[in-house]
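Here are my notes on this one, in numbered points. Have the viewer open while you read.

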Amino acid sequence: MKVSLPFSMIRKNLGDNNRSVTSIEQAQRLVEVGLQLRQTREHHSLSLDMVAAYTMIRRHLLQALEEGIVENLPEPVYTQGLIRRYANALGLNGEELANFFLPEPIILSLESSSWLLPLPQLRPTHLYLTYILLILGTMNGLVYLIQSSPQVQILPESRIAEVPATSTTQSVSVSANNSTPGQDQLAVQATSTSINNNKTNSPTSPVSPPAPINQTVEVGITVKDESWVLIEVDGKTEFQGILAGGSKRSWKANNELVVVAGNAGGVMVTVNNGKSQRLGEPGMVEEVIFKSNQPQPQTSNSNS
């Protein structure tokens, strides 16, 4: 005897099957991606702690990515971002690996969506109304600007004498109906004479020249204790590896130079041949950015 299931129950079962198939495919892809990430990391002789310090990703998440443990990872969308950042840090194509783990869904085009409502059709009447509203708005704006603009007051000739001769900030306006050309010329000469006298009597203050700005930044490193070091010059990785105690290196950048040390207390830095300073505390991971057009960062004094 056949029993017919309701349509809603059939659709729910199909949806659960599709999600389970998708989860299995994502787990298989994650295993392949994690294997490639782990092989690349071991090829560069990097530990998970070093990668975690550089990528700012927690160690247990990196380990879950390499081992393909989906249960220890966040949602697939966030996992895709972790794969992209991890792969880019190792010099791989992060975008390609992230898209391999979680392919972009197929989006239906608007032409194939028959359920969309048609857009309203514009008519000439609508255009005329738009033009009229635009003209009215422009006229209202012009009227507002004219009303809010400051008005110039014309002082009578009797009040010109009340203006002090030593004032250089007040303007003297002469009425054109009550003054003669000779009086206007005398008033202009008196005003210019008072301005020249004020300029002569006022002391001149020395102007300090602007502080010079370094066009480039040069950073020198002296390793006291063995430490893993990463150097980026203008966005490009110039060095990445472990430096033994007693090593001395220097780099120069036009815009920006980034120094990352796994043992900040064992690394001494000098900026533009300045005073040697300790990069950070012993055993701590520290990242310092030096820029050519900004003041040098303040660090603790070194103890030699």
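1. Let me start with the lining of the largest cavity: by class it has seven nonpolar, one polar and no charged residues. Here Ala, Val, Leu, Ile, Met, Phe, Trp, Tyr, Cys and Pro count as nonpolar, Asp, Glu, Lys and Arg as charged, and the others, Gly among them, as polar. Keep in mind that this is a predicted model, where local features need pLDDT of at least 70 and side-chain atom pairs count only at pLDDT 80 or more, while totals for chains, interfaces and linings use all residues. Residues are numbered from 1 along each chain as its sequence is written, and side-chain values use heavy atoms, with hydrogens and water left out.

2. Which residues line that cavity? They are L46, M50, V51, Y54, A89, L90, W228 and Q240. Helix α2 (residues 48-55) gives the largest share of the lining, three residues. (Helices are DSSP runs of H or I with at least four residues, strands are runs of E with at least two, and both are numbered from the N terminus.)

3. The space inside comes to about 50 Å³, and a search of the whole structure turns up one cavity of 30 Å³ or more. For the method: on a 1 Å grid over the protein atoms alone, a cavity is a set of points where a 1.4 Å probe fits but cannot get out, and lining residues have an atom within 4 Å of a point. Grid points are joined across faces, edges and corners, and the volume is the space filled by probe spheres set on the points.

4. Q240 is worth a click. It belongs to strand β3 and, at 39% relative accessibility, counts as partly exposed. The cut-offs are under 20% relative accessible area for buried and over 50% for exposed, with partly exposed in between (1.4 Å probe, protein chains only). Not counting residues up to four places away in sequence, Q240 touches L46, W228, V229 and L230, where contact means heavy atoms within 4.5 Å. V229 is eleven residues from Q240 along the chain, and their C-alpha atoms are 5.8 Å apart.

5. Strand β3 also takes us to an open, antiparallel sheet of four strands, ordered β3-β2-β5-β8. β3 (236-243) and β8 (286-291) are the edge strands with a single partner each, so one side of each has no neighbour in the sheet. Strand β5 (residues 256-261) runs antiparallel to β8, joined by six bridges, and V258 sits opposite I289 in β8. Two strands pair if DSSP finds at least two bridges between them.

6. A second open sheet, again of four strands with antiparallel pairing, has the order β4-β1-β6-β7. Its edges are β4 (248-253) and β7 (277-278); each has a single partner strand, so one side of each lacks a neighbour in the sheet. Strands β1 (residues 217-223) and β6 (residues 267-271) pair over five bridges in the antiparallel sense, with V271 in β6 as the bridge partner of V219.

7. Leaving aside neighbours within four places in sequence, Q26 contacts P76, F101 and L102. In helix α3 (residues 59-67) the buried residues are L61, L62, A64, L65 and E66, and G68, with a positive phi near 70°, follows α3.

8. Finally, the chain as a whole: there are seven helices and eight strands, and buried residues make up 25% of the 304 residues.

Key: On a 1 Å grid over the protein atoms alone, a cavity is a set of points where a 1.4 Å probe fits but cannot get out, and a pocket is an open set with protein on both sides within 12 Å along at least five of seven lines; lining residues have an atom within 4 Å of a point.
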